[in-house]
Amino acid sequence: MNDTDTFQVNPDFVCREIAGEVILVPTGKTAEQFSGLASLNKTGLFLWNFLKEKKTFAELGFAMAEEYELTEEESSQDVANFLNLAMSKGVVLRC
């Protein structure tokens, strides 16, 4: 991924806490296409909340490194892993 690539959450998903677990629930037409639910761990929730507004890959990496006291390399890899999975499921969009 390029540092200037921009991402944002898919507005067709809402984030809810259910029985102590953070779940992404599809709405509208997405609910017809997406089978099941997606859950987020602590770092996934951090990135999800940060992505409510469009952010670049570099901004995400910096925020993650700062929040979790990671190196730039560690945070970039973690962000790339999250984005790749989230985009494959359609919960995060490349803008």
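**A sheet and a core**

Trainee: Which strands form the open sheet, and in what order?

Mentor: Three strands, in the order S2-S3-S4, form an open sheet with antiparallel pairing. Strands here are DSSP runs (E, at least two residues), and helices are runs of H or I with at least four, numbered from the N terminus. Two strands pair if DSSP finds at least two bridges between them.

Trainee: What should I know about the model itself?

Mentor: The model is predicted: local features need pLDDT of at least 70, side-chain atom pairs count only at pLDDT 80 or more, and totals for chains, interfaces and linings use all residues. Residues are numbered from 1 along each chain as its sequence is written, and side-chain values use heavy atoms, leaving out hydrogens and water.

Trainee: Which strands stand at the edges of the sheet?

Mentor: S2 (13–18) and S4 do; each has a single partner strand, so one side of each is left without a neighbour in the sheet.

Trainee: Over how many bridges do S2 and S3 pair?

Mentor: They pair over six bridges, in the antiparallel sense. Valine 14 stands opposite valine 25 in S3.

Trainee: Changing topic, which residues touch the most other members of the largest nonpolar core?

Mentor: Leu51, Phe82, Leu83 and Val92 do, in a core of 23 residues. Such a core is a set of buried (under 20% relative accessible area, 1.4 Å probe, protein chains only) Ala, Val, Leu, Ile, Met, Phe, Trp, Tyr and Cys residues joined through side-chain atoms within 4.5 Å.

Trainee: And which element gives the largest share?

Mentor: H4 does, with five residues.

Terms used. Buried < 20%, exposed > 50% of the residue type's maximum accessible area, 1.4 Å probe, protein only.
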